[in-house]
Amino acid sequence: MIKLLLSPEVVSEYFHGRDDRITHLIENFLKNPDIHIWIMMHTVTELMRDHGKPKEVNQFFKDFPKIPLNDQLANLAVEMEIEFEAALSVVSAAAFKLNAVVTLNPATTIGSVSHISVEDAEKIGDIKADGPINFLELSNALNPIYNKLDGWFTEIIQSTAFAGGNHVKEFEKEFAEYCGAKHAVAVNSGTDALRFALTAMGIGPGDEVITVPNTFIATTEAISQVGAKTVFVDVSPETYNIEPDLIEKKITPNTKAILPVHLYGQLAEMDRIVKIADKHGLKVLEDACQAHGAISNKKRAGTFGNAAAFSMYPGKNLGAFGEAGCIITNDDEIANIASCLRDHGQSEKYVHRMEGYNGRMDNLQAASLRAKLPLLDQWNQNRREIAALYLEKLKRVRGVKLPKVKDVKAHVFHLFVILVDQPKELHEYLKGKKIFTGFHYPIPLHLQEAYQSLGHRLGDFPVTEELADSLISLPMFPEMNEAQVNRICEEIKRFYD
Ligand SMILES: Cc1ncc(COP(=O)(O)O)c(C=O)c1O
């Protein structure tokens, strides 16, 4: 991906359509998935003022990512002692990790960012991007929300409302409404969300909770940390989620809850799981940490069981700028107890209904999540389109087994995981080609040292074990383009040929 900043003169020429060469250049850039063009926010505001029809200007540039004018960058530009606009373009491009500034007066090269001419920019259009493809990229997702965040963060810093604050309350309202749940309780992490929800559901020492061995350890840490025992059930080889047919065999008089994980973003078979839970009088807590927005029969992830836990860790489909998480539930008592638990058991200031934890979400995280939430459905749709491209391009590759997607809306592709022969060798080969992959998760939980006391051994959960031996997670983030997916698939084909 090549990222370019257009200088104010180039933007102005393009807007006025005065130079065919520039019009042609920018239109080609806009069609090229390997090239991403940015403009400076103040260039647009100046055009709005000078042109006299601000609405028209605003509409013309509405889809361009814009770099806001920022005091710190302006100060750096002043110190450079060259023409101010040229300096500002270069420091802004460097700050936003862009590759170059396209200008009518190419003169300056500062650090890694050059000023390049329109002629050179035309040549870039022919370059096939072969730069690194990271496993996950977070920066591009921020383009459309910079301005909103800039305003909100400034307001929080000026008001010093860091702990608690209006954004936490507003985020709870908005996330509950988005999910279709009565309550959302914003907390400090997905792990806290799982822990607080389990305790609020009445689960504690002596109780057993059924879950899967192919998940992140936070799922089972939460069970142990509320004093309960983890009971593993193997997963389906089709969906990699809990196999409902195996659940009843593991129910004992001590079983109190089922904790299905919507792994990689795909909903577990919730109708069947809830039916089993109802039959045996069990509670259901959904681990929806990877499945924000997944939907089945008009119900979103998190609204099938008694409660659900979400992680808003930065890399998640809805991720904050640091640690964050959330519980959703329709149950007033679960919501009440969870809100006390996150805040030292307080029901009101210095009135402690119980002992709790320091597990609150802070106002800056809540503001970042509020800015991102309106984009979540679009991002999930982008992920589905990227997954569809992978599925199409890898379908006949020897050595590769693709995931089965039963209902495309019920999957939000937090991760795109395939099963392959020689996953470690493929990982190294792709790394050599600057394509970065991951493993989720390479050692099943029942074989981890941390769970030796449960007494499991190799062979206890054959599907999970087979998955762990052959899975590899390919790059997946909403801004990936078709050229990147093509390059990854071509390299995988080449490896197996
Ligand atoms: C399935 C699952 N459960 C729980 C968690 C824990 O979330 P957090 O890291 O926000 O505590 C994660 C996050 O990685 C996860 O993927």
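This is a predicted model: local features need pLDDT of at least 70, side-chain atom pairs count only at pLDDT 80 or more; totals for chains, interfaces and linings use all residues.
Colleague: Why is α10 called largely enclosed?

Modeller: A residue is buried if 20 or more other C-beta atoms lie within 10 Å of its own. Eleven of the eleven residues of α10 are buried, so the helix is largely enclosed by the rest of the structure. Among them are Gly190, Leu194, Phe196 and Ala200.

Colleague: What covers the buried residues of α10?

Modeller: The cover includes the strands β7, β11 (283-287), β14 (307-311) and β15, and also α11 and α13 (332-341).

Colleague: What makes β7 a mostly covered strand?

Modeller: β7 spans residues 183-187, and four of its five residues are buried. By the cut-off of 20 or more C-beta atoms within 10 Å, that makes the strand mostly covered.

Colleague: How do you know that β7 pairs with β15?

Modeller: Pairing needs at least two bridges between the strands. Five bridges join β7 to β15, residues 325-329, and the two strands run antiparallel. In this pair, Val187 stands opposite Gly325.

Colleague: Which helices supply residues to the shell around the ligand?

Modeller: α10 (190-200) and α11 (218-225) each supply at least two residues of that shell. The ligand is surrounded by 14 residues, of which Ser189, Gly190, Thr191, Ala218 and Ser311 are the closest.

Colleague: How do the residues of the shell divide into nonpolar, polar and charged?

Modeller: Five are nonpolar, eight are polar and one is charged. Gly counts as polar in this division.

Colleague: Why do β18 and β20 count as edge strands?

Modeller: Three strands form an open sheet with antiparallel pairing, in the order β18-β19-β20. β18 (400-401) and β20 (471-474) each have a single partner strand, so one side of each is left without a neighbour in the sheet.

Colleague: How do you know that β18 and β19 pair?

Modeller: The cut-off is at least two bridges. β18 and β19, residues 416-420, have two bridges and pair in the antiparallel sense. Here Lys401 stands opposite Leu419.

Colleague: How many helices and strands does the chain have, and why is the chain called as compact as a globular protein of its length?

Modeller: The chain has 18 helices and 20 strands. Its radius of gyration is 25 Å, close to the 23 Å that the globule rule gives for 497 residues, so the chain is as compact as a globular protein of that length. Of the 497 residues, 42% count as buried.

Colleague: Where do the domains lie?

Modeller: The domain assignment gives domain 1 (2-129), domain 2 (146-374) and domain 3 (376-496). The centres of domain 1 and domain 2, taken over C-alpha atoms, are separated by 43 Å.

Key: Residues are numbered from 1 along each chain as its sequence is written. A residue is near a molecule or strand if its C-beta atom, placed from the backbone, lies within 6 Å of it. A residue is buried if 20 or more other C-beta atoms lie within 10 Å of its own, exposed if 12 or fewer, and partly exposed in between; C-beta atoms are placed from the backbone. The radius of gyration is taken over C-alpha atoms; the globule rule is 2.2 Å times the number of residues to the power 0.38. Domain bounds come from an automatic or database domain assignment. Two residues are in contact if their C-beta atoms, placed from the backbone, lie within 7 Å.
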